[in-house]
Amino acid sequence: MSDCLFCKIIKGDIPSYTVYEDDLIKAFLDVNPNSNGHILVIPKDHYENLFDTPDEVILEMVRRIKTILYPLLKEKLNIAGLTICQNNYYGQDVKHYHIHLIPRYNNDAFKCNFDKEQISDIKKVFDKLKNE
Ligand SMILES: [Zn+2]
């Protein structure tokens with residue numbers, strides 16, 4: 001995709017702080033990080049989100065997170081934990097599939113909360129979602 005920011009990063013048209021790369025994926029520092037060492041993991045082929053990315057590609061991304069990127073963060077930055085998230089459609093800023101690796105540190109202030117006023121009674125939600 002010629003107008004995709006992450007495709008331009010893959011091509012090298014836009015510089016990035018790449019911490020890992022192979023024939024299938026690229027991992028680089030988020031320039032607007034939520035914590036020190038915030039990494040974006042992307043496939044080199046363009047897919048928009050989780051739902052059009054082949055399962056095999058996602059599996060390979062997760063394998064690199066488990067075997068290469070988490071150990072790298074643990075060893076070099078001494079992280080206390082790792083929060084992994086990814087947005088689809090709403091909330092997704094770049095329409096090229098990416099997984100956020102957000103390092104956690106002891107006593108950090110990271111929050112992953114929505115406004116409680118917007119959350120319905122759990123029983124009502126369950127009634128809509130449960131298998132009949
Ligand atoms: Zn792209």
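**Strands and sheet**

Author: Strand β2 (residues 25–29) pairs with β1 in the antiparallel sense over 3 bridges. Two strands pair if DSSP finds at least two bridges between them; helices (H or I, at least four residues) and strands (E, at least two) are DSSP runs, numbered from the N terminus. This is a predicted model, in which local features need pLDDT of at least 70 and side-chain atom pairs count only at pLDDT 80 or more, while totals for chains, interfaces and linings use all residues. Residues are numbered from 1 along each chain as its sequence is written.

Reader: Which residue is the bridge partner of Thr18 in β2, and how many residues lie between β1 and β2 in their hairpin?

Author: The partner of Thr18 is Phe28. The hairpin of β1 and β2 has 3 residues between its strands.

Reader: In what order do the strands form the sheet?

Author: The sheet is open, with 5 strands in the order β1-β2-β3-β5-β4 and antiparallel pairing. At the edges stand β1 (18–21) and β4 (81–85), each of which pairs on one side only. From one strand to the next the twist averages 20 degrees; for such angles, axes are lines fitted to C-alpha atoms, for helices over the stretch in contact, and angles run from 0 to 180 degrees between N-to-C directions.

Reader: How many bridges join β3 to β5, and over how many do β2 and β3 pair?

Author: β3 and β5 run antiparallel and are joined by 3 bridges, while the antiparallel pairing of β2 and β3 extends over 5 bridges. In the latter pair, Ile25 has Pro43 in β3 as its bridge partner. Antiparallel pairing of β4 with β5 also involves 5 bridges.

**Helix and core**

Reader: Where does helix α2 lie?

Author: α2 (residues 55–77) lies across β1, β2, β3 (39–43), β4 and β5 (99–104), and runs at about 155 degrees to β3. The helix bends by about 45 degrees at Ile65, the bend at a residue being the angle between axes fitted to the seven residues ending there and the seven starting there.

Reader: Which residues of α2 are buried?

Author: An α-helix has 3.6 residues a turn, so residues three or four places apart point the same way. In α2 the buried residues are Met61, Ile65, Leu69 and Leu73. A residue is buried if 20 or more other C-beta atoms lie within 10 Å of its own, exposed if 12 or fewer, and partly exposed in between, with C-beta atoms placed from the backbone. Their cover includes β1, β2, β3, β4 and β5; two residues are in contact if their C-beta atoms, placed from the backbone, lie within 7 Å.

Reader: Which residues have the most contacts inside the largest nonpolar core?

Author: A nonpolar core is a set of buried Ala, Val, Leu, Ile, Met, Phe, Trp, Tyr and Cys residues joined through C-beta atoms within 7 Å. The largest here has 18 residues, and those with the most contacts inside it are Ala27, Ile39, Val41, Ile42, Leu69 and Leu101. At least two residues of this core come from each of α1 (5–11), β2, β3, α2 and β5. Ile42 touches Phe6, Ile25, Lys26, His96, Tyr97 and His98, leaving aside residues up to four places away in sequence.

**Loops and the whole chain**

Reader: Why does Asn78 count as exposed, and what is its phi?

Author: Asn78 counts as exposed because it has 10 C-beta neighbours inside 10 Å. Its phi is near 55 degrees, a positive value in a residue other than glycine. Asn78 lies in the loop between α2 and β4. Tyr89 likewise is not a glycine and has a positive phi of about 60 degrees; its place is in the loop between β4 and β5. Tyr89 is exposed, because 10 C-beta neighbours lie inside 10 Å.

Reader: How do the elements of the protein chain run from the N terminus on?

Author: They run α-β-β-β-α-β-β-α, which comprises 3 helices and 5 strands. Of the 132 residues in the protein chain, 17% are buried. Among contacts with a separation of 6 or more, 57% join residues 24 or more positions apart. Taken along the principal axes, the C-alpha atoms fill a box of roughly 50 × 40 × 25 Å.
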